Amino acid sequence: PRKGGALLVGYHGALPLDAYYFLAHCVLERRKLKLVVDKFLYNAPGLRLLMKVLNLTPGTVSGCVSALNNGEMLMIYPGGLRESLLSDENYELIWNARQGFSRVALEADVPIIPFFTENIREAARSVKFSSRLSSWLYEKTRLPVIPIIGIFPVELKMHLGRPLNFDDEEDPKVVADIVTKRVRQLIEAHQTLPGSILRELYKRFWVRGGSHPHSD
(Lines give C-alpha, C1' and ligand atoms only; values in the text may rest on other atoms or scores of the structure.)
Protein backbone atom coordinates (compact mmCIF):
# COMPACT_ATOMS: atom_id res chain seq x y z
CA PRO A 1 0.00 0.00 0.00
CA ARG A 2 1.10 3.55 -0.72
CA LYS A 3 0.27 4.63 2.81
CA GLY A 4 -0.79 3.20 6.14
CA GLY A 5 0.57 0.31 8.12
CA ALA A 6 0.87 -3.20 6.73
CA LEU A 7 2.59 -6.39 7.85
CA LEU A 8 4.50 -8.37 5.22
CA VAL A 9 5.00 -12.01 6.22
CA GLY A 10 7.07 -14.53 4.28
CA TYR A 11 9.59 -17.32 3.90
CA HIS A 12 13.16 -16.79 5.17
CA GLY A 13 15.96 -17.74 2.79
CA ALA A 14 19.45 -18.61 3.99
CA LEU A 15 20.15 -14.88 3.58
CA PRO A 16 17.30 -12.35 3.52
CA LEU A 17 18.43 -10.78 0.24
CA ASP A 18 14.83 -10.00 -0.69
CA ALA A 19 14.49 -7.84 2.41
CA TYR A 20 17.50 -5.73 1.40
CA TYR A 21 16.16 -5.15 -2.10
CA PHE A 22 12.65 -4.40 -0.87
CA LEU A 23 14.03 -1.97 1.71
CA ALA A 24 15.97 -0.18 -1.05
CA HIS A 25 12.78 0.01 -3.12
CA CYS A 26 10.88 1.54 -0.20
CA VAL A 27 13.63 4.13 0.32
CA LEU A 28 13.33 5.18 -3.33
CA GLU A 29 9.55 5.34 -2.97
CA ARG A 30 9.88 7.33 0.27
CA ARG A 31 7.93 4.63 2.10
CA LYS A 32 8.82 3.68 5.66
CA LEU A 33 9.70 0.03 6.20
CA LYS A 34 11.10 -1.73 9.25
CA LEU A 35 12.63 -5.19 9.13
CA VAL A 36 12.05 -7.43 12.13
CA VAL A 37 15.26 -9.34 12.87
CA ASP A 38 16.40 -11.99 15.32
CA LYS A 39 17.30 -10.63 18.76
CA PHE A 40 20.83 -12.03 18.58
CA LEU A 41 21.66 -9.53 15.80
CA TYR A 42 20.42 -6.57 17.81
CA ASN A 43 22.42 -7.68 20.85
CA ALA A 44 25.65 -8.51 18.98
CA PRO A 45 28.56 -6.23 19.96
CA GLY A 46 29.00 -3.33 17.56
CA LEU A 47 25.84 -4.00 15.56
CA ARG A 48 23.25 -1.97 17.48
CA LEU A 49 24.10 1.29 15.66
CA LEU A 50 24.00 -0.46 12.29
CA MET A 51 20.62 -1.93 13.14
CA LYS A 52 19.29 1.57 13.83
CA VAL A 53 20.69 2.99 10.60
CA LEU A 54 19.12 0.17 8.57
CA ASN A 55 15.80 0.56 10.42
CA LEU A 56 15.90 -2.95 11.86
CA THR A 57 14.03 -3.90 15.01
CA PRO A 58 14.12 -6.92 17.35
CA GLY A 59 10.36 -6.96 17.05
CA THR A 60 8.63 -6.81 20.43
CA VAL A 61 4.85 -6.91 20.08
CA SER A 62 4.44 -3.39 21.51
CA GLY A 63 7.20 -1.98 19.30
CA CYS A 64 5.74 -3.54 16.16
CA VAL A 65 2.22 -2.33 16.96
CA SER A 66 3.54 1.18 17.57
CA ALA A 67 5.37 1.25 14.22
CA LEU A 68 2.28 0.00 12.37
CA ASN A 69 0.07 2.57 14.09
CA ASN A 70 2.50 5.24 12.89
CA GLY A 71 1.85 4.19 9.30
CA GLU A 72 5.03 2.17 8.76
CA MET A 73 5.23 -1.19 7.04
CA LEU A 74 6.87 -4.13 8.78
CA MET A 75 8.51 -7.13 7.15
CA ILE A 76 8.79 -10.27 9.25
CA TYR A 77 9.93 -13.84 8.74
CA PRO A 78 8.15 -16.00 11.35
CA GLY A 79 10.63 -18.84 10.73
CA GLY A 80 13.50 -16.56 11.72
CA LEU A 81 17.02 -17.88 12.07
CA ARG A 82 15.77 -21.46 12.47
CA GLU A 83 14.16 -21.43 9.03
CA SER A 84 17.13 -19.60 7.53
CA LEU A 85 19.54 -22.31 8.63
CA LEU A 86 17.46 -25.49 8.68
CA SER A 87 15.12 -25.22 5.70
CA ASP A 88 16.41 -26.55 2.38
CA GLU A 89 15.78 -26.78 -1.36
CA ASN A 90 12.25 -28.05 -0.66
CA TYR A 91 11.36 -24.66 0.88
CA GLU A 92 9.76 -26.10 4.00
CA LEU A 93 8.19 -23.52 6.30
CA ILE A 94 9.55 -23.88 9.84
CA TRP A 95 7.27 -21.55 11.76
CA ASN A 96 6.56 -23.88 14.70
CA ALA A 97 3.00 -22.56 15.07
CA ARG A 98 4.22 -19.03 15.85
CA GLN A 99 1.41 -16.53 16.36
CA GLY A 100 3.23 -13.35 17.38
CA PHE A 101 2.88 -11.77 13.94
CA SER A 102 -0.87 -12.43 13.88
CA ARG A 103 -1.32 -10.87 17.32
CA VAL A 104 0.58 -7.79 16.11
CA ALA A 105 -1.59 -7.41 13.00
CA LEU A 106 -4.82 -7.87 14.96
CA GLU A 107 -3.84 -5.40 17.65
CA ALA A 108 -2.71 -2.78 15.12
CA ASP A 109 -5.70 -3.53 12.83
CA VAL A 110 -3.58 -3.66 9.66
CA PRO A 111 -3.62 -6.05 6.69
CA ILE A 112 -1.18 -8.94 6.41
CA ILE A 113 0.50 -9.31 3.02
CA PRO A 114 1.97 -12.78 2.44
CA PHE A 115 5.05 -12.87 0.23
CA PHE A 116 7.56 -15.28 -1.24
CA THR A 117 10.72 -14.65 -3.22
CA GLU A 118 11.30 -17.15 -5.99
CA ASN A 119 14.78 -18.77 -5.92
CA ILE A 120 15.78 -17.11 -2.64
CA ARG A 121 17.34 -20.38 -1.46
CA GLU A 122 19.20 -20.77 -4.76
CA ALA A 123 20.86 -17.37 -4.23
CA ALA A 124 22.38 -18.59 -0.96
CA ARG A 125 22.12 -21.90 0.82
CA SER A 126 22.95 -23.23 4.27
CA VAL A 127 25.29 -26.23 4.24
CA LYS A 128 24.03 -29.07 6.41
CA PHE A 129 26.16 -32.20 6.66
CA SER A 130 23.47 -33.81 8.80
CA SER A 131 19.96 -32.47 9.37
CA ARG A 132 19.85 -33.95 12.87
CA LEU A 133 23.26 -32.53 13.82
CA SER A 134 22.43 -29.13 12.33
CA SER A 135 19.17 -28.97 14.28
CA TRP A 136 20.96 -29.99 17.47
CA LEU A 137 23.65 -27.34 16.99
CA TYR A 138 21.12 -24.60 16.39
CA GLU A 139 18.84 -25.54 19.28
CA LYS A 140 21.83 -25.70 21.64
CA THR A 141 23.32 -22.34 20.63
CA ARG A 142 20.50 -20.37 18.94
CA LEU A 143 23.30 -18.83 16.85
CA PRO A 144 24.15 -18.97 13.11
CA VAL A 145 26.69 -21.78 13.52
CA ILE A 146 25.80 -23.46 10.20
CA PRO A 147 27.84 -22.23 7.19
CA ILE A 148 26.16 -20.53 4.24
CA ILE A 149 27.39 -20.56 0.65
CA GLY A 150 26.60 -17.94 -2.01
CA ILE A 151 25.69 -15.37 -3.21
CA PHE A 152 24.81 -16.93 -6.60
CA PRO A 153 23.50 -14.68 -9.41
CA VAL A 154 20.17 -16.41 -9.95
CA GLU A 155 17.04 -14.51 -10.88
CA LEU A 156 14.98 -13.43 -7.88
CA LYS A 157 11.31 -12.49 -8.10
CA MET A 158 9.27 -11.36 -5.12
CA HIS A 159 5.64 -12.45 -5.25
CA LEU A 160 3.13 -10.59 -3.09
CA GLY A 161 -0.17 -12.19 -2.20
CA ARG A 162 -3.42 -10.28 -1.82
CA PRO A 163 -3.68 -8.33 1.45
CA LEU A 164 -5.53 -10.26 4.15
CA ASN A 165 -7.80 -8.28 6.47
CA PHE A 166 -9.07 -9.74 9.71
CA ASP A 167 -11.50 -8.71 12.41
CA ASP A 168 -9.61 -7.66 15.54
CA GLU A 169 -11.52 -10.30 17.53
CA GLU A 170 -10.26 -13.13 15.31
CA ASP A 171 -8.31 -15.95 16.95
CA PRO A 172 -4.54 -15.36 16.41
CA LYS A 173 -4.04 -19.07 15.76
CA VAL A 174 -6.63 -19.06 12.99
CA VAL A 175 -4.99 -16.00 11.43
CA ALA A 176 -1.53 -17.59 11.65
CA ASP A 177 -2.83 -20.78 10.02
CA ILE A 178 -4.39 -18.84 7.14
CA VAL A 179 -1.22 -16.84 6.50
CA THR A 180 0.93 -19.98 6.68
CA LYS A 181 -1.32 -21.61 4.07
CA ARG A 182 -1.14 -18.55 1.78
CA VAL A 183 2.67 -18.39 1.92
CA ARG A 184 2.86 -22.13 1.20
CA GLN A 185 0.55 -21.60 -1.79
CA LEU A 186 2.86 -18.89 -3.12
CA ILE A 187 5.81 -21.27 -2.84
CA GLU A 188 3.95 -24.04 -4.67
CA ALA A 189 2.77 -21.66 -7.39
CA HIS A 190 6.08 -19.94 -8.14
CA GLN A 191 8.97 -22.19 -7.09
CA THR A 192 10.26 -25.21 -8.99
CA LEU A 193 10.75 -27.88 -6.33
CA PRO A 194 13.16 -29.09 -5.27
CA GLY A 195 15.25 -26.00 -5.87
CA SER A 196 18.53 -26.29 -7.78
CA ILE A 197 21.32 -23.70 -7.91
CA LEU A 198 22.76 -25.15 -11.13
CA ARG A 199 19.36 -25.26 -12.84
CA GLU A 200 18.61 -21.63 -12.04
CA LEU A 201 22.06 -20.48 -13.17
CA TYR A 202 21.53 -22.43 -16.41
CA LYS A 203 18.10 -20.84 -16.94
CA ARG A 204 19.44 -17.35 -16.42
CA PHE A 205 22.73 -17.40 -18.32
CA TRP A 206 22.28 -20.19 -20.85
CA VAL A 207 18.65 -20.48 -21.84
CA ARG A 208 17.72 -16.80 -21.49
CA GLY A 209 21.15 -15.49 -22.41
CA GLY A 210 20.80 -16.85 -25.92
CA SER A 211 24.16 -18.64 -25.75
CA HIS A 212 22.73 -22.13 -26.27
CA PRO A 213 24.34 -24.16 -29.03
CA HIS A 214 22.85 -24.13 -32.53
CA SER A 215 23.55 -25.86 -35.81
CA ASP A 216 24.43 -24.12 -39.07
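User: Two strands pair if DSSP finds at least two bridges between them. With that in hand, which residue stands opposite Met73 in β4?
Analyst: First, a heads-up: this is a predicted model. β2 and β4 run in the parallel sense with 3 bridges, and pairing takes at least two, so they count as paired. Opposite Met73 in β4 stands Leu33.

User: OK, and what stands opposite Met75 in β4?
Analyst: For this one, look at β1. β1 and β4 pair in the parallel sense, over 4 bridges. Opposite Met75 in β4 you'll find Leu8.

User: Which residues of β4 point the other way from Met73 and Met75?
Analyst: Met73 and Met75 point one way from β4. Neither face is open to solvent by the 20% cut-off, since both methionines and the two residues opposing them are buried. The two that point the other way are Leu74 and Ile76.

User: Which are the edge strands of the open sheet?
Analyst: The sheet is open, with 6 strands in the order β3-β2-β4-β1-β5-β8 and mixed pairing. An edge strand here pairs on one side only, and that picks out β3 (56–57) and β8 (157–160).

User: What is the bridge partner of Leu35 in β3?
Analyst: β2 (residues 33–36) is joined to β3 by 2 bridges, and the two strands run parallel. Leu35 has its partner in β3, and that partner is Leu56.

User: About what angle does the direction of helix α1 make with that of β2?
Analyst: Helix α1 (residues 17–28) packs on the sheet and touches β1, β2, β4, β5 and β8. The direction of α1 makes an angle with that of β2 of about 165 degrees.

User: And helix α6: which strands does α6 touch as it packs on the sheet?
Analyst: α6 covers residues 100–108, and its direction makes about 165 degrees with that of β1. The buried residues of α6 include Phe101, Val104 and Leu106, and their cover includes α4 and α9 as well as strands.

User: Switching to rings, is the pair of Tyr11 and Tyr91 tilted, stacked or edge-to-face?
Analyst: The count is 6 aromatic pairs. In this one the ring centres lie 5.3 Å apart and the planes make 40 degrees. Stacked needs under 30 degrees and edge-to-face over 60, so the pair is tilted.

User: How many residues apart in the chain are Tyr11 and Tyr91?
Analyst: Tyr11 lies in the loop between β1 and α1, while Tyr91 lies in the loop between α5 (80–86) and α6. The pair links distant parts of the chain, 80 residues apart.

User: Are Tyr11 and Tyr91 buried or exposed?
Analyst: Tyr11 has a relative accessible area of 0%, and Tyr91 comes in at 3%. The cut-off for that class is under 20%, so both are buried.

User: How do the rings of Tyr77 and Phe115 pair: stacked, tilted or edge-to-face?
Analyst: Their centres are 5.7 Å apart and their planes are at 70 degrees. Anything over 60 degrees falls in one class, so this pair is edge-to-face.

User: How far apart in sequence are the parts that Tyr77 and Phe115 tie together?
Analyst: Tyr77 sits in the loop between β4 and α5, and Phe115 sits in strand β5. Both are buried. The parts tied together by the pair are 38 residues apart.

User: Which element gives the most to the lining of the largest pocket?
Analyst: The pocket has a volume of about 980 Å³. Its lining takes in 42 residues, with Val36, Val37, Asp38, Gly80 and Leu81 nearest the centre. Elements giving two or more residues include α1, β2 and α6, but the one giving the most, at 5 residues, is α5.

Key: Residues numbered from 1 in each chain as written. Predicted model: local features only at pLDDT ≥ 70, side-chain atom pairs only at ≥ 80, totals over all residues. Heavy atoms only, no water. Contact = heavy atoms within 4.5 Å. Axes fitted to C-alpha atoms, helices over the stretch in contact; angles between N-to-C directions. Phe/Tyr/Trp six-rings, centres within 6.5 Å; stacked < 30°, edge-to-face > 60°. Buried < 20%, exposed > 50% of the residue type's maximum accessible area, 1.4 Å probe, protein only. 1 Å grid on protein atoms, 1.4 Å probe; cavity = no way out; pocket = protein on both sides within 12 Å on 5 of 7 lines; lining within 4 Å. Points joined across faces, edges and corners; volume = space filled by probe spheres on them.
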